[in-house]
Amino acid sequence: MGAAMEAGDVFALGLGLRAPWKLAGQRLDIEKRPHELHLDVVAGRGALFPCSECGRTCKAHDFADFTWQHLNFFQHHCFITARVPRVDCPDHGVRRAAVPWARPGSRFTLLFEQAALVLVREMPVLAAARFIGITDQRLWRIVAHYVGRAVAALDLRSVRAVGLDETASKRGHNYVTVFIDMDRRDKPVIFVTAGKGKACVAAFRAFLLSHGGEPTRVAEVVCDMSPAFLAALGESFPQAAVTVDWFHVVQLFTTAVDDVRKAEARQRKLPNAARWAVLKAGDRNLTNDQRIALAELETGGFATAAAWLAKEMLRWIRKADSAQAARWRITRFINHIGLGLDPGPLLEPVRKALRTFAAQLKRILQRWTSTHSNARLEGLNGIFQAARARARGYRNIATYITIIYLLAAPLPDIFKST
Ligand SMILES: [Zn+2]
């Protein structure tokens, strides 16, 4: 003790080597570019080895050489080679022994895989694969393994309020539906599934049940106004109060304004800055051009201006400080906007939005009695964007789902090695 550590000890520590394994030798292969550092690991004679299934220590049956890629040692690629026995387990028969530095079946060390996961949290998968010098397919397999294992272990016993929203991995394609725990401020995602609509709600119910959750104890669900979701929620979560979140109400009318503007622009010339002027929320962040465009829209009798006013009234409704006050404001809104609209076809998108709004009134008003912040679902948009950036270049929907979990699900044990 007390002597300077040898290089071999440093490597052994980094690998988590423990008896019967020890480092036998190392060599630098300078024929290869980049250079390769090879570490040879051996087990002592007559050693016993754990069964990879149950961990029981068993005698060696026969041996074979295996190589794992390890973390780069400075600029050198690093590989570990070991003669690994098959053991003859009384319960599981003859199978390859487990080694402490890698999980069964992987060609990478645990440290390598954990470093890869850290990178994938920070940069696109393609860039991470290049950075560590493996193919992106192999990197995806590593990520999918750890994320899948952590998701399987999610504990959903305490879930009482759920929010759900849908998104596409590409514009208009590959929909996924994401469920969040409304009581979790950080990493709220608890379930992600391909598709949108009824089947997704049933899939979530099954997932909740298989992770300790109890559907009848879910007291609130926050979602958008999709009729398919709403019908499915009534079936799968009959006890839950359904709240349509305000974000989707605003979205409903924003889309209507944009549809009116596009249709009107085909008929007459709109002021130059009209597009962004009517899409922005409120008038605080408008540029001068946009301010002028709004004024021109309002004085010029444009249908787009009428649509925009309807959307702007939503902010006045939102500021109501009780469900009663909100109901009063909403009645004024429906009467004022609904009756005042020009009956022509240009404003049909706004009338349609108003009909949806009126049909969902009870669920929209629920937000004034709900104890859950409506900002949660809106925050999901940032997560969806980040996941799209990480998964850029991949059309496979499974990769998109994996990344959403990695970035936004509570996966505390993702970096545990076994
Ligand atoms: Zn066994």
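The structure is a predicted model, in which local features require pLDDT of at least 70 and side-chain atom pairs count only at pLDDT 80 or more, while totals for chains, interfaces and linings use all residues. Residues are numbered from 1 along each chain as its sequence is written, and side-chain values use heavy atoms, with hydrogens and water left out.

The zinc ion has C51 (SG), C54 (SG), C89 (SG) and H92 (ND1) as its protein donors, at 2.2 to 2.3 Å. Donors are N, O and S atoms within 2.8 Å of the metal (3.2 Å for Na, K and Ca); water is not among the atoms, so sites may look incomplete. The angles subtended by the four donor atoms run from 103 to 117°, which makes the arrangement tetrahedral; for four donors, this term requires all angles to lie between 85 and 135 degrees. Along the chain, the donors of the zinc ion follow the spacing C-x2-C-x34-C-x2-H. Distant parts of the chain are linked by C54, in the loop between β3 (48-50) and β4, and C89, in strand β5, which are 35 residues apart. Helices (H or I, at least four residues) and strands (E, at least two) are DSSP runs, numbered from the N terminus. C89 is buried at 2% relative accessibility, whereas C54 is partly exposed at 39%. Buried denotes under 20% relative accessible area and exposed over 50%, with partly exposed in between (1.4 Å probe, protein chains only).

Helix α6 (residues 227-236) contains the buried residues F229, L230, A232, L233 and S236. Viewed down the axis of α6, the buried residues fall within an arc of 165°, so they line one face of the helix; the arc is that of the directions from the helix axis to the C-beta atoms. P227 and E235 are exposed on the other side of α6. The elements covering the buried residues of α6 include β8 (173-181), α5 (198-210) and α13 (361-365), where contact means heavy atoms within 4.5 Å.

The whole structure holds 15 aromatic pairs. The ring centres of F179 and F204 are 4.3 Å apart and the planes lie at 10°, so this pair is stacked. Rings of Phe, Tyr and Trp (its six-membered ring) pair if their centres lie within 6.5 Å, and planes under 30 degrees apart count as stacked, over 60 as edge-to-face and the rest as tilted. F179 belongs to strand β8 and F204 to helix α5, so the pair ties together parts 25 residues apart in sequence. F179 is buried, with a relative accessible area of 1%, and F204 is buried at 1% relative accessibility. F204 also pairs with F191: the centres are 5.9 Å apart and the planes at 40°, so this pair is tilted. A cluster linked by ring pairs comprises W21, F49, F63, F66, W68 and W101.

A total of 15 salt bridges is found in the whole structure, a salt bridge being a side-chain nitrogen of Lys or Arg within 4 Å of a carboxyl oxygen of Asp or Glu. In one of them, the closest N and O atoms of R86 and D62 are 2.8 Å apart. This pair joins distant parts of the chain, with R86 in strand β5 (residues 76-89) and D62 in strand β4 (residues 57-73), 24 residues apart. D258 forms a salt bridge with K262 at 3.8 Å between the closest N and O atoms; being four residues apart in helix α7 (residues 246-265), D258 and K262 are separated by about one helical turn. D258 is buried at 14%, whereas K262 is partly exposed at 40%. D29, K32 and E36 are linked in a network of salt bridges.

Definitions and conventions
Tetrahedral: all angles 85-135°; square planar, octahedral: opposite > 155°, others 65-115°.
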